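Below is a short briefing on one structure. Please read it with the sequence and the model in view.

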Amino acid sequence: MKLNIIHTNDLHGHLENWPIIKQYLNLQKQFFIEKRAPFLLVDIGDALDTVHPMVEATEGMIMVDLFNEAGYDVVTIGNNEGLNFTNNQLAYLYSQSRYEVALANLLDSRTYNYPKWSSSIVYRDFEDLRIALIGLTAPYATYTLNQYELIDPYDALEQQLRSIQNSSRNVDVVIVLSHLGLKDDRLIAAKYPQIDLIIGGHTHHVLQDGEVVKQATIAAAGRYGEYVGLIELEIPDKQIGKLWRKTKRRIDINCHLATIEQLRDLTEIPISDSYELRGRQMLKSQKLAELPHLYTANRSEGENSFIQLALDAICDKTSTTLGVLSTGLFLSDLPKGIVTQNDLHEALPHSMHLIVMTFRGEHLIEMVEEMKSQEEDLRHRLINGMGFRGKIFGEIIFRGIEFNSKTQEWYAEGKAIVADRTYRVAAVDHYWFVPFFSTIATYGSPELLFPDFLRHVVSNYIQKKYPITTVGKD
């Protein structure tokens, strides 16, 4: 028997490629149906990303609708789904899905059971062939803030493998849908001989022809829909029903990747993101505030400075007088007059929450000096990941913290920082996650505020400070 698996991962809301991908999926599925060849369509997580305006405007529902239309069978979640949508939002989204969610290493902290929308193992039968699919997501400690209990992925995997081994019916093929990254996928393949196939994501790696580690094959399809993967598993009929308990299994696994350019030639569909235009229009219809003047993204000081407005917003939200942000976060201006949700989304598309850091004075000085010592390096440094959706890190701007050149001391709230006094500082979680500022984790006891992103905090602040007063304004 030959089983075909089509796979995607880390789409991150890149819907400009979706019409091409969808047409390719339809062509492949139709081919398999005509040949009466069994197949599965799976996704390995981080499909939902609010950097795309349509995903933001529909709170993720657009991706569920598109996956339903494409006929996905099984998915696992990435950290974007698990951390950028609330527990209740995700429960609603997957209540609308026609596919199954395999997820073995997250529990609902309110019930200590698996979420109602997921299964620790998904089983699929093809005549006498039985497949077990185990989903694992990247183990971010911040999942606890979203009402989840995190299980170590290796512990979760071992538990599910024991469950498979003790099941009443033989399982022929074990597949792990892994949003853990290539390093972990290789470790899992080497450690667990029961696993036949790992389809991976998270680290955006490309495995053109797959990779074999001991008995397992690892597959992955990059990021952003730039590739779509096809895996062929060929299993001798005489071994079906016996594979799990056989010491030497004979499963031939072949992996292939098609690039989006190849798919475009095949489908003859041009790249055009109509979804972005629709999403932008939806966000433009959501009016937020009426600003008295332009707030400029590239201005770090003064009443027209966007970053100073954002510092006002995060300090107001956290009831602090001290804050820090970087200019690279601000991608466009806020216009004078009516401001919409689209303006905020274009300016601050990042998946970043606020944090409040609590330092002793001596450690606050250490953090500030750590940041200032890297200022020139970071000003034009290209940054990717950790929720950042811009280009460069930019200049670091402090609120309420400055260096007094006369006394050669650091000041906070207009006074010299006292070594044993406690200070609270507002920032974004990005600074905690990037590998530049070790003092935050070491001394700052960062408290993460969930679920609002930076743009939502700014949105709420300007709605309160600058309510729309223009009568009859469209």
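Which helices and strands each supply at least two residues of the lining of the largest pocket? They are helix H4 (79-84), helix H9 (274-284), H11 and E24; helices (H or I, at least four residues) and strands (E, at least two) are DSSP runs, numbered from the N terminus. The model is predicted, with local features needing pLDDT of at least 70 and side-chain atom pairs counting only at pLDDT 80 or more, while totals for chains, interfaces and linings use all residues. Residues are numbered from 1 along each chain as its sequence is written, and side-chain values use heavy atoms, with hydrogens and water left out.

**Pocket**
- The largest pocket holds about 900 Å³ of space.
- A pocket is an open set of points on a 1 Å grid over the protein atoms alone, where a 1.4 Å probe fits, with protein on both sides within 12 Å along at least five of seven lines; lining residues have an atom within 4 Å of a point.
- Among the 41 lining residues, His12, Asp49, Gly385, Gly387 and Arg389 are the closest to the centre of the largest pocket.
- H4 gives the largest share of this lining, 4 residues.

**Sheet and helices**
- An open sheet of 5 strands has the order E19-E16-E23-E18-E24, with mixed pairing; two strands pair if DSSP finds at least two bridges between them.
- Strands E19 (396-399) and E24 (447-453) are the edges, each pairing on one side only.
- E18 (residues 353-360) pairs with E24 in the antiparallel sense over 4 bridges, and histidine 353 stands opposite phenylalanine 453 in E24.
- H10 lies across E16 (322-326), E18, E19, E23 (422-428) and E24, at about 140 degrees to E16; axes are lines fitted to C-alpha atoms, for helices over the stretch in contact, and angles run from 0 to 180 degrees between N-to-C directions.
- Helix H12 (residues 361-373) lies across E16, E18, E19 and E23, at about 125 degrees to E18.

**Cores**
- The largest nonpolar core has 60 residues, of which Leu325, Leu329, Leu364, Tyr431, Phe437 and Ile462 touch the most other members.
- Such a core is a set of buried Ala, Val, Leu, Ile, Met, Phe, Trp, Tyr and Cys residues joined through side-chain atoms within 4.5 Å.
- Helix H10 (residues 306-318) provides the largest share of this core, 8 residues.
- A second, separate core of 44 residues includes Ile6, Val55, Val101 and Leu103.

**Glutamine 341**
- Glutamine 341 lies in helix H11 (residues 341-347).
- Glutamine 341 counts as buried because its relative accessibility is 12%; buried means under 20% relative accessible area (1.4 Å probe, protein chains only).
- Beyond neighbours within four places in sequence, glutamine 341 contacts Leu283, Gln286, Leu288 and Ser459, contact meaning heavy atoms within 4.5 Å.

Technical notes. Buried < 20%, exposed > 50% of the residue type's maximum accessible area, 1.4 Å probe, protein only. Points joined across faces, edges and corners; volume = space filled by probe spheres on them.
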